[in-house]
Each structure stands twice: as structure tokens, then as C-alpha cells.
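Subject: Structure handover

Hi,

Here is the structure I promised to pass on. Please open it next to this note, and my findings follow below.

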Amino acid sequence: MQLRQLEFNALLHRKLDLERLFECLLTEGQSFVKFDGLQYVAADRGADIMLGFTRQYRQRFELKLGDRSLGEILLMRSRAFTPRDERDAERLVESLIYPLENALEHFEVLMKAMTDSTTGLRNQRALDELLPREIRLVRRVEQPLSIMLLSVDHLDSISEDHGAKVGDEAWHTVAETLAERLRQSDLIFRTDSDAFCIILNQTDMEGALILAERLRQAVDHCVSFDNVQFVLTASAGVTELAAGDNAQSLMSRTREALVVARRAGPNQVRAVAAEEAGEGEGPDVA
């Protein structure tokens, strides 16, 4: 048993990717205590992760290294945990602490490379990395996922008329306005084409449309400079993940929805479902 524990600890220490670390815990941890699913809730670093199945009986553990919180983890299964199972689960989670700290440090380094310096949002590289992961996660728990692409008109003209500093502040203000209206589980990015892409976990297309309209209205008068209020217009396209989608097809349909919205005029929100894709094809403007 002691040798198996040492081998398990060594295996965890080799997992620098956050999701791979928890996948290893779920699969290899079965040797120590049986459980059907886990949920990791991040603290100030990392990302929330859900693996396996949601079950009735749960064991919750706070993950701490000294006085610093690394988040918390929930182990779930369909039958009650015995006192021995609880002790085994606690030992299992204790073996996660140092590998998790290493994975969180690795995650921070990656996030710095995947952050847009002007807005503070995740950038295109982050979107390319994280969207496939989010698709995998929602399919495991059989929950909907929607994508929104929102484009704000004339932000670049603020830089041209008032200088780069004011222009950068305008971009940051718009990003902040959008981000503060999202849930913690939602992910927002600034794309290479200067649109805002938002991944909406556990949200169907109807919910995404409602949110898109709220965000469009919020952007309208959020930027001002020297007592001058800028009036901004925005367009948004949304779609929902379908059974046959991958990250590329999902983003392609979201761009198509944005094209449809822009063609309808300023301040428009449109959705394109999987079965409608291709009907509004034209130049890719996002």
C-alpha cells in the first residue's frame, strides 16, 4: 500500500496541466477510495473543473498550503462514505496539495501568455486553448453551452480622434463593463479581430440571446472622456453547441451569426442554430 501511494504521488507530480491533474486523481485515485465524480472550485488562481458524474453523497475538502487557499474539492458517489472511506478520501486529497500548487503556478504562466494587455481579458490564444476543453467538460455533464461574439463599433476611432491612451482606456472600460455582468463560470476573450467572444457554460441559446441584448445595451453609454459621453453601437451573434460540433464549427457558426446581426443594422443581436448554418453565408467580418 505504501509503495502504491508513493507511485501515485509521483504520478500526480508529473501532471502540470490542471485538467490532466484532476483526471489523474479521478482515474488513479480509485485504488484508494471509490468515487464517481469530482468538482474543483478554484480560489484566486486556476479554473473550475468538473469531471465524472454528479452524485448524492459527497465529501468536501478545503485545499490549503500553509495559510493559502488553493480552492476546494468535492468527491461524489452514489452510496454513502463510511468512516474509513472518509479517512481514505482525506489522505487522497492531501496527496494532491503540492502537485496542485505546481499546476496552478504553471496555469498562471500560461495565462500571462494568453492575456490581452489592453483589456486584461484572455486573448485569441487562450480562446483556442480553452474552447475545446469547455466543450469536453459540458459534454461530460450533459449541459448546454452557448457562444457569443460581440463587436463594438467605432472603438478604434476613439484612438484616432483622442489618442492611443484614451483609446486603450475605452477598450478596457468596455471589457470591464462586459465582464462584470457575467457569471464566474463564463469566459470572455478579446479575439484577434477585436471582437469579444464569450463562452457561456450551462446556457442554452435562449439564455444567450437574453444576455447578449443586456450586454449590447450596457455598452451603449459606458465610455466617456473629458465630460464627453461616447455613444457606442454593438452587434452580437450567438449559437449553441450541437451534437456534431467541434471548436472550429462552433466558432464558424458564431461568426456567421455576427455577420447576420451586422447586416440587420446597428445594435442588433442574432442567433444561428446548427440546422440554419450556411443560410446567411457571406464575407467573414468577425
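Helix 2 (18-28), helix 4 and helix 5 each give at least two residues to the lining of the second largest pocket. That pocket has a volume of about 280 Å³. It is lined by 16 residues, and the closest to its centre are Asp-17, Leu-110, Glu-129, Leu-130 and Arg-133. By type, the lining splits into eight nonpolar residues, one polar and seven charged. Bear in mind that this is a predicted model.

**The largest pocket**

The largest pocket holds about 1,100 Å³ of space. Its lining has 40 residues, with Ala-47, Asp-48, Gln-184, Ser-185 and Leu-187 closest to the centre. Five elements are listed as giving two or more residues to this lining: strand 1 (37-41), strand 2 (49-52), helix 4 (97-113), helix 5 (124-140) and strand 6 (187-190). Which element gives the largest share of the lining? Helix 5 does, with five residues. In this lining, 18 residues are nonpolar, eleven are polar and eleven are charged.

Four strands make it up, in the order 2-1-4-3, with antiparallel pairing. Strand 2 and strand 3 (57-65) are the edges, and each pairs on one side only. On average, neighbouring strands here are turned by 15 degrees against each other, ignoring direction.

Take the pairs along that order:

- Strand 1 and strand 2 are antiparallel and share four bridges. Leu-38 has Leu-51 of strand 2 as its bridge partner.
- Strand 1 and strand 4 are antiparallel too, over five bridges. Here Val-41 is opposite Glu-72 of strand 4.
- Strand 3 and strand 4 pair antiparallel over nine bridges. Arg-58 has Met-76 of strand 4 as its bridge partner.

Strand 3 and strand 4 also form a hairpin with two residues between the strands. In that hairpin, Gly-66 has a positive phi near 70 degrees.

Helix 2 lies across strand 1, strand 2 and strand 4 (68-77), at about 35 degrees to strand 2. Helix 3 lies across strand 3 and strand 4, at about 35 degrees to strand 3. Is strand 4 mostly covered or mostly open? Mostly covered: seven of its ten residues are buried.

**Ser-95**

Look at the loop between helix 3 (83-94) and helix 4, where Ser-95 sits. Is Ser-95 buried or exposed? Its relative accessible area is 12%, and buried means under 20%, so Ser-95 counts as buried. Beyond its neighbours within four places in sequence, Ser-95 contacts Gln-5, Phe-8, Asn-9 and Leu-12.

**Strand 5**

Now to strand 5 (residues 145-152). Eight of its eight residues are buried, so strand 5 is largely enclosed by the rest of the structure. In a regular strand, side chains alternate between the two faces of the sheet. In strand 5, both faces are covered. Leu-145, Ile-147, Leu-149 and Ser-151 are buried on one side. Ser-146, Met-148, Leu-150 and Val-152 are buried on the other.

Which strands pair with strand 5? One is strand 7 (residues 196-201), antiparallel over six bridges. There, Met-148 has Ile-198 of strand 7 as its bridge partner. Another is strand 10 (residues 234-240), antiparallel over seven bridges. Ser-146 is opposite Glu-240 of strand 10.

**The chain as a whole**

Some overall numbers to finish. The protein chain has nine helices and eleven strands. Its C-alpha atoms fill a box of roughly 70 × 45 × 25 Å along the principal axes. Of its 286 residues, 47% count as buried. Take the contacts between residues at least 6 apart in sequence: 63% of them join residues at least 24 apart.

Best wishes

Key: Residues are numbered from 1 along each chain as its sequence is written. This is a predicted model: local features need pLDDT of at least 70, side-chain atom pairs count only at pLDDT 80 or more; totals for chains, interfaces and linings use all residues. Side-chain values use heavy atoms; hydrogens and water are left out. On a 1 Å grid over the protein atoms alone, a cavity is a set of points where a 1.4 Å probe fits but cannot get out, and a pocket is an open set with protein on both sides within 12 Å along at least five of seven lines; lining residues have an atom within 4 Å of a point. Grid points are joined across faces, edges and corners, and a volume is the space filled by probe spheres set on the points. Ala, Val, Leu, Ile, Met, Phe, Trp, Tyr, Cys and Pro count as nonpolar, Asp, Glu, Lys and Arg as charged, and the others, Gly among them, as polar. Buried means under 20% relative accessible area, exposed over 50%, partly exposed in between (1.4 Å probe, protein chains only). Contact means heavy atoms within 4.5 Å. Two strands pair if DSSP finds at least two bridges between them. Axes are lines fitted to C-alpha atoms, for helices over the stretch in contact, and angles run from 0 to 180 degrees between N-to-C directions.
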